[in-house]
Amino acid sequence: MRTDDAPSVRLEDYSLTSYAIDTVDLDIQLRPHGTEVVARLAMRRRAGTAPGTPVELDGDELSLERLAIDRTPLAPGDYDASSD
């Protein structure tokens, strides 16, 4: 996350996300001309979250190369991605 313009978040403004992340597995490949990171997240919908509630992930200054759910690749029309 960029820190130059990041808003302050106060504890009383915090609320739980719709989804819990139980585990994160990272595979990091450091290379002279760039780094590749593969992230595998085990997530679950929290109690009270309606089915179909979108999952939102922040990845400032990253480029999304592929996305899959349960190892099934998603087509570009199956999700929205923005530069920020």
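Mentor: Let us begin with strands: helices (H or I, at least four residues) and strands (E, at least two) are DSSP runs, numbered from the N terminus. This is a predicted model, in which local features need pLDDT of at least 70 and side-chain atom pairs count only at pLDDT 80 or more, while totals for chains, interfaces and linings use all residues. Residues are numbered from 1 along each chain as its sequence is written, and side-chain values use heavy atoms, with hydrogens and water left out.

Trainee: Which strand gives the most to the lining of the largest pocket?

Mentor: That strand is β2, with eleven residues. β1, β2 and β3 each supply at least two residues of this lining.

Trainee: What makes a residue part of the lining of a pocket?

Mentor: A lining residue has an atom within 4 Å of a point of the pocket, which is an open set of points on a 1 Å grid over the protein atoms alone, where a 1.4 Å probe fits, with protein on both sides within 12 Å along at least five of seven lines. The largest pocket is lined by 44 residues, and L41, L57, L64, R66 and L67 lie nearest its centre. Its volume is about 2200 Å³, a volume being the space filled by probe spheres set on the points, which are joined across faces, edges and corners.

Trainee: How do the residues of this lining divide into nonpolar, polar and charged?

Mentor: There are 21 nonpolar, eight polar and 15 charged residues in the lining of the largest pocket. Ala, Val, Leu, Ile, Met, Phe, Trp, Tyr, Cys and Pro count as nonpolar, Asp, Glu, Lys and Arg as charged, and the others, Gly among them, as polar.

Trainee: Why is L57 called exposed?

Mentor: Exposed means over 50% relative accessible area, buried under 20%, and partly exposed in between (1.4 Å probe, protein chains only). L57 has a value of 53% and is therefore exposed. L57 is placed in the loop between β2 (34-45) and β3 (68-69). From L57 to A68 there are eleven residues in sequence and 13 Å in space, C-alpha to C-alpha.

Trainee: What makes the contact between R10 and E12 a salt bridge?

Mentor: The term requires a side-chain nitrogen of Lys or Arg within 4 Å of a carboxyl oxygen of Asp or Glu. R10 and E12 meet at 3.0 Å, N to O, and so form a salt bridge. D13 and R10 also form one, at 3.5 Å. E12 is exposed at 60%, whereas R10 is partly exposed at 49% and D13 is partly exposed at 47%.

Trainee: Which parts does the salt bridge of D22 and R44 tie together?

Mentor: The side chains of D22 and R44 meet at 3.0 Å, N to O. D22 lies in strand β1 (residues 19-31) and R44 in strand β2, so the pair ties together parts that are 22 residues apart in sequence. D22 has a relative accessible area of 45% and is therefore partly exposed; R44, at 44%, is partly exposed. Salt bridges that share partners join R10, E12 and D13 into one network. The whole structure holds four salt bridges.

Trainee: How do we know whether D70 is buried or exposed?

Mentor: The relative accessibility of D70 is 74%, so D70 counts as exposed. D70 lies in the loop between β3 and β4 (72-73), and its phi is near 50°, a positive value in a residue other than glycine.
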